[in-house]
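Biologist: I am new to this structure and would like to learn how to read it. Could you show me the model and take me through a few features?

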Amino acid sequence: TESDQTLNLKMMETADIILVADMPFGESNLNNLSGLEDMPGRIYFHKNALSNDHTHGALVKRLQELGARRKITYIGDHDAFLDLLKKEEA
């Protein structure tokens with residue numbers, strides 16, 4: 001819902017890291033990517049979500065639009081994500 005999206009964006013305003021987890025993407029989940037252009041945190045996207053894309057290509061298009069404005073780091077699994085964070089913090 002729109003109120004859930006507003007709450008999500010409010011929580012992300014102060015986040016250093018934004019992780020889009022391995023989850024199915026339907027049309028309503030695309031709203032979760034709206035507004036990320038304006039968030040200060042680094043964006044990480046779990047690639048497995050692309051295997052659960054039920055948006056008929058809208059997810060890929062939205063990621064391309066977002067990627068044109070912000071860096072998105074694509075991750076393959078959670079352990080690799082944690083390792084990447086450790087390297088970035090070092």
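This is a predicted model: local features need pLDDT of at least 70, side-chain atom pairs count only at pLDDT 80 or more; totals for chains, interfaces and linings use all residues.

Biologist: Thanks! Is Glu-65 buried, partly exposed or exposed?

Modeller: Residues are numbered from 1 along each chain as its sequence is written, and side-chain values use heavy atoms, with hydrogens and water left out. Buried means under 20% relative accessible area, exposed over 50%, and partly exposed in between (1.4 Å probe, protein chains only). Glu-65, at 38% relative accessibility, is therefore partly exposed.

Biologist: Which residue forms a salt bridge with Glu-65?

Modeller: A salt bridge is a side-chain nitrogen of Lys or Arg within 4 Å of a carboxyl oxygen of Asp or Glu. Glu-65 has such a bridge with Arg-62, and their closest N and O atoms are 3.6 Å apart. Both residues lie in helix H2, 3 residues apart, about one turn of the helix. Helices (H or I, at least four residues) and strands (E, at least two) are DSSP runs, numbered from the N terminus.

Biologist: What else does Arg-62 form a salt bridge with?

Modeller: Arg-62 also pairs with Glu-37, with the closest N and O atoms 2.5 Å apart. That pair links distant parts of the chain, since Glu-37 sits in the loop between strand E1 (17-20) and E2, 25 residues from Arg-62. Arg-62 is buried, with a relative accessible area of 13%, and Glu-37 is buried too, at 18%. Through shared partners, Glu-37, Arg-62 and Glu-65 join into one network.

Biologist: Which residues of H2 are buried?

Modeller: In general, an α-helix has 3.6 residues a turn, so residues three or four places apart point the same way. In H2, the buried residues are Leu-59, Arg-62, Leu-63 and Leu-66. They cover an arc of only 100° around the axis (taken from the directions from the helix axis to the C-beta atoms), which puts them on the same side of H2. The face turned away from that side carries the exposed residues Lys-61, Gln-64 and Ala-68.

Biologist: What do the buried residues of H2 pack against?

Modeller: Contact means heavy atoms within 4.5 Å. The buried residues of H2 pack against strand E2 (42-46) and strand E3 (72-75).

Biologist: Where does Glu-89 lie, the partner of Arg-42 in a salt bridge?

Modeller: The closest N and O atoms of Arg-42 and Glu-89 are 3.4 Å apart. Arg-42 lies in strand E2 and Glu-89 in helix H3 (residues 78-89), so the pair ties together parts that are 47 residues apart in sequence.
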